[in-house]
Number of protein chains: 2
Amino acid sequence: MGEVKHLVVAKFKEGVAVEETLQGMAQLVSTMDMVKSFEWGTEMLGEEMLRQGFTHVFILTFNNGEDLASYLTHPSHTNFIGTFQAALENALVFDFPSVVIKPPA
Amino acid sequence: MGEVKHLVVAKFKEGVAVEETLQGMAQLVSTMDMVKSFEWGTEMLGEEMLRQGFTHVFILTFNNGEDLASYLTHPSHTNFIGTFQAALENALVFDFPSVVIKPPA
């Protein structure tokens with residue numbers, strides 16, 4: 001098995017300081033060596049997303065399932081999750097081994 | 001603006017030939033030069049996803065928003081979308097400029 005991704009699609013509560021949450025997440029990830037890469041973004045086109053109110057996507061990449069498991073169970077992560085969940089109205093979480101059909105050139 | 005991602009989270013209908021749909025998608029992407037990379041996966045952990053029944057995640061990466069737009073409006077894509085949507089019970093679609101907080105080492 002190759003890389004494993006941890007994907008979170010989020011809808012923040014009204015009035016939440018989203019920037020602060022994003023900074024907290026960036027800080028968390030910077031201290032966690034088992035996180036291979038981290039990127040995020042906000043919706044720019046999709047009507048689906050706008051309809052259901054999801055606005056943010058977060059993608060963390062790990063070298064393998066063991067690194068993902070050690071991240072998910074790490075105290076820094078579990079502490080952060082409390083703050084993060086308090087800021088969210090709704091979220092979807094997906095963990096999946098990445099099957100690369102077309103690698104970047 | 002850097003890379004732009006097109007993310008689809010899908011729940012297939014019961015009895016659908018998922019493998020055929022995946023092959024069709026791989027074939028489509030292989031013919032579309034503006035798609036920089038393509039990966040997908042199936043859920044392995046998340047209770048959220050299992051609860052809501054989403055099982056597959058597809059991530060296409062483009063160099064910029066223009067390449068994404070040319071993909072979305074390409075006849076090969078719009079043709080494929082008909083087949084794809086017929087196989088789906090539910091889907092979320094997200095298009096977002098990727099903000100890289102932690103690049104791969």
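Predicted model: local features only at pLDDT ≥ 70, side-chain atom pairs only at ≥ 80, totals over all residues.
Between chain A and chain B the count is 2 salt bridges. Among them is the salt bridge that A:Lys5 forms with B:Glu39, in which the closest N and O atoms are 3.8 Å apart. Sorted by class, the side of chain A that touches chain B has 29 nonpolar, 6 polar and 8 charged residues.

The extent of the interface can be described both by residues and by area. In terms of residues, 43 residues of chain A are in contact with 43 residues of chain B. In terms of area, chain A and chain B bury about 3,500 Å² between them, and 67% of this lies on carbon and sulfur atoms. Of the area that chain A buries against chain B, 18% is supplied by A:Met44, A:Phe94 and A:Lys102, which is more than any other three residues supply.

The two chains also meet through the pairing of strands. One open sheet is formed by 5 strands in the order E4(A)-E1(A)-E3(A)-E2(A)-E5(B), with antiparallel pairing. Its edge strands are E4 of chain A and E5 of chain B, each of which pairs on one side only. On average, and with direction ignored, neighbouring strands of this sheet are turned by 20° against each other. Within this sheet, the pairing that crosses from one chain to the other is that of E2(A) with strand E5 (residues 99-102) of chain B, which is antiparallel and extends over 3 bridges. Here A:Trp40 stands opposite B:Val99 in E5(B), and the bridge partner of A:Phe38 in E5(B) is B:Lys102.

Helices of chain A lie on this sheet. H1(A) lies across E1, E2 and E3 of chain A together with E5 of chain B, and H1(A) runs at about 0° to E3(A). H3(A) packs on the sheet as well, where H3(A) touches E1, E3 and E4 of chain A, its direction making about 40° with that of E1(A).

Another open sheet consists of 5 strands in the order E5(A)-E2(B)-E3(B)-E1(B)-E4(B), and the pairing is antiparallel. E5 of chain A and strand E4 (88-97) of chain B stand at the edges, each with a single partner strand, so one side of each is left without a neighbour in the sheet. Neighbouring strands of this sheet are turned by 20° against each other on average, direction again being ignored. E5(A) is joined by 3 bridges to strand E2 (residues 37-42) of chain B, the two strands running antiparallel. In this pairing A:Val100 stands opposite B:Glu39 in E2(B), and B:Glu39 is also the partner of A:Lys5 in a salt bridge.

Helices of chain B lie across strands of chain B. Helix H3 (residues 65-72) of chain B lies across strand E1 (4-12), strand E3 (56-62) and E4 of chain B, and runs at about 40° to E1(B). Helix H4 (residues 75-87) of chain B likewise lies across E1, E3 and E4 of chain B, running at about 130° to E4(B).

Technical notes:
Residues numbered from 1 in each chain as written. Chains lettered and ligands numbered in written order. Heavy atoms only, no water. Contact = heavy atoms within 4.5 Å. Buried area = accessible area lost by both parts, 1.4 Å probe. Salt bridge = Lys/Arg side-chain N within 4 Å of Asp/Glu carboxyl O. Nonpolar A, V, L, I, M, F, W, Y, C, P; charged D, E, K, R; others polar. Pairing = 2+ DSSP bridges. Helix = DSSP H or I, 4+ residues; strand = E, 2+ residues; numbered from the N terminus. Axes fitted to C-alpha atoms, helices over the stretch in contact; angles between N-to-C directions.
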